[in-house]
Amino acid sequence: MTDQTTARRNRPSADTIAAHAGGIDAATAGVVPPITLATTYARGEDYAPLVPGAIYGRDDNPIFQRFESVMASLEGAAATLSFASGMAGVAAIFRGLLRPGDRLVVQRAIYWGAAAWIEEWCRTWGIERVEWDPETPIGSVLDRPTRLVWVETPSNPLWQVVDIAAVAVAAHAVGARLAVDGTTTTPILTRALEYGADLVFHSATKAIAGHSDVLLGVVATRVEDADWQAIRAERKQAGAIPGGFEVWLALRGLRTLPLRIRHTSATALALATWLAADPRVERVLYPGLTSHPGHAIAASQMQGGYGAMLSILTRGDALAVASRCRLFVRATSLGGPESLIEHRYTVEGVHTRSPASLLRLSIGLEAVEDLIADLDQALA
Ligand SMILES: *Cc1c(COP(=O)(O)O)cnc(C)c1O
């Protein structure tokens with residue numbers, strides 16, 4: 001399906017799509033799909049593939065197709081592709097679209113791993129990389145021909161909110177494609193393509209797979225154009241495909257995704273509200289708080305919650321607060337059932353832009369009162 005408006009009109013609710021993710025296995029009537037592990041596929045006597053398109057395991061896999069079609073329905077996308085990790089998906093977009101001499105606009109203070117890779121890759125390949133501070137008008141950097149704009153909303157670890165529709169208009173005016181890292185929202189909270197994005201990226205390692213046991217990336221496209229074919233070729237030819245079991249686990253995760261997103265968003269809002277009233281905390285960064293500078297855009301662009309991610313700036317020693325946590329697990333990543341606390345300043349090293357007082361919280365599925373009790377004793 002290449003017409004996103006048709007996809008949108010005909011779409012049942014995300015809860016229903018997700019609950020049936022993967023569908024029934026036609027061969028066995030099993031209510032969950034099988035994993036195909038074969039790396040190669042047989043040909044007939046005439047040497048034609050016995051199943052059209054089934055040739056080799058690096059090209060595709062039936063379990064990928066099941067996962068990707070559910071993701072396409074949830075996103076309102078023409079197509080999606082799964083990748084070996086989030087970063088494999090990021091790399092496929094950049095390698096597929098950008099050539100030496102091209103201009104890239106990338107939002108400042110985004111997911112550190114992507115920012116570091118993008119910077120290094122652009123330097124190596126002669127891409128003109130321009131940073132955009134989301135507190136300044138996008139027009140100030142989109143004033144000349146540009147190939148790609150990369151934004152993340154809400155962005156790691158400050159949870160700044162980007163007005164996707166406004167950036168899309170500015171990007172398209174200078175001939176750029178807009179790619180949105182929607183890892184924090186998942187399509188349950190924001191379907192970025194409907195706001196004008198051309199590509200949406202998710203680290204499915206996070207909330208989409210949702211159980212801290214899978215590394216996976218997903219890229220979704222508004223149209224199946226030449227850019228999309230280039231990204232698809234990157235996956236196949238450079239071998240950035242995931243394993244069948246990982247995709248199967250992510251498909252299982254999708255079945256409960258809307259439920260988990262709503263629950264963790266509600267808990268995060270309750271926790272953020274509690275923290276904002278605590279004098280031991282200097283500032284709470286969460287788009288769901290009316291005091292957040294991006295709240296109005298978040299309220300119109302995020303449906304059903306503000307996500308599971310927030311950060312706090314502590315008045316005292318942030319690392320000591322993290323050390324005292326008993327329930328929050330001290331670990332990187334996000335989107336799992338267990339709440340995580342992370343001191344980005346320590347993790348990112350000397351080039352970090354994270355304040356030393358910042359603690360990033362990924363809210364899981366625990367009872368909110370237990371999470372509050374843990375932070376209450378840790379802040380002491
Ligand atoms: C984790 C993450 C990535 C990278 O994904 P991996 O699955 O770890 O490769 C990219 N963007 C955001 C916002 C992330 O949280």
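Mentor: Two strands pair if DSSP finds at least two bridges between them. Strands are DSSP runs of E with at least two residues, helices are runs of H or I with at least four residues, and both are numbered from the N terminus. With that in hand, look at Val106, which stands opposite Trp150 in β4.
Mentor: Please keep in mind that this is a predicted model, where local features need pLDDT of at least 70, side-chain atom pairs count only at pLDDT 80 or more, and totals for chains, interfaces and linings use all residues. Residues are numbered from 1 along each chain as its sequence is written, and side-chain values use heavy atoms, with hydrogens and water left out.

Trainee: How do you know that β2 and β4 pair?
Mentor: There are 3 bridges between β2 and strand β4 (residues 148-152), in the parallel sense. The rule asks for at least two, so the word "pair" applies.

Trainee: And what makes β2 and β3 a pair?
Mentor: Strand β3 (residues 128-132) is joined to β2 by 5 bridges, again in the parallel sense. In one of them, Leu104 has Arg129 of β3 as its bridge partner.

Trainee: Why is the β-α-β unit of β2, α5 and β3 called right-handed?
Mentor: A crossover gets that name if, with the strands pointing away from the viewer, the path from the first strand over the helix to the second runs clockwise. The unit here goes from β2 over helix α5 (residues 112-125) to β3, and it is right-handed.

Trainee: Why is β2 called mostly covered?
Mentor: Buried means under 20% relative accessible area, exposed means over 50%, and partly exposed lies in between (1.4 Å probe, protein chains only). In β2 (residues 103-107), 5 of its 5 residues are buried. Arg103, Val105 and Gln107 point one way, Leu104 and Val106 the other, and all are buried.

Trainee: Why is Ala29 called exposed?
Mentor: Its relative accessibility is 55%, which is over 50%, so Ala29 counts as exposed. Ala29 is in the loop between α2 (14-19) and α3 (62-75), and has a positive phi of about 70° although it is not a glycine.

Trainee: Which loop holds Tyr47, and what makes Tyr47 exposed?
Mentor: Tyr47 is placed in the loop between α2 and α3. With a relative accessible area of 60%, Tyr47 is exposed because the value is over 50%. Its phi is near 70°, a positive value in a residue other than glycine.

Trainee: Where are the cis peptide bonds of Pro154 and Pro157?
Mentor: One joins Thr153 and Pro154, with omega about -20°; another joins Asn156 and Pro157, with omega about -5°. Pro154 is in the loop between β4 and α6 (164-173), and Pro157 is found in the loop between β4 and α6 too.

Trainee: How do you know that the radius of gyration agrees with a compact globule?
Mentor: The radius is taken over C-alpha atoms, and the globule rule is 2.2 Å times the number of residues to the power 0.38. For 380 residues a compact globule would come near 21 Å, and the protein chain has 21 Å, so the two agree.
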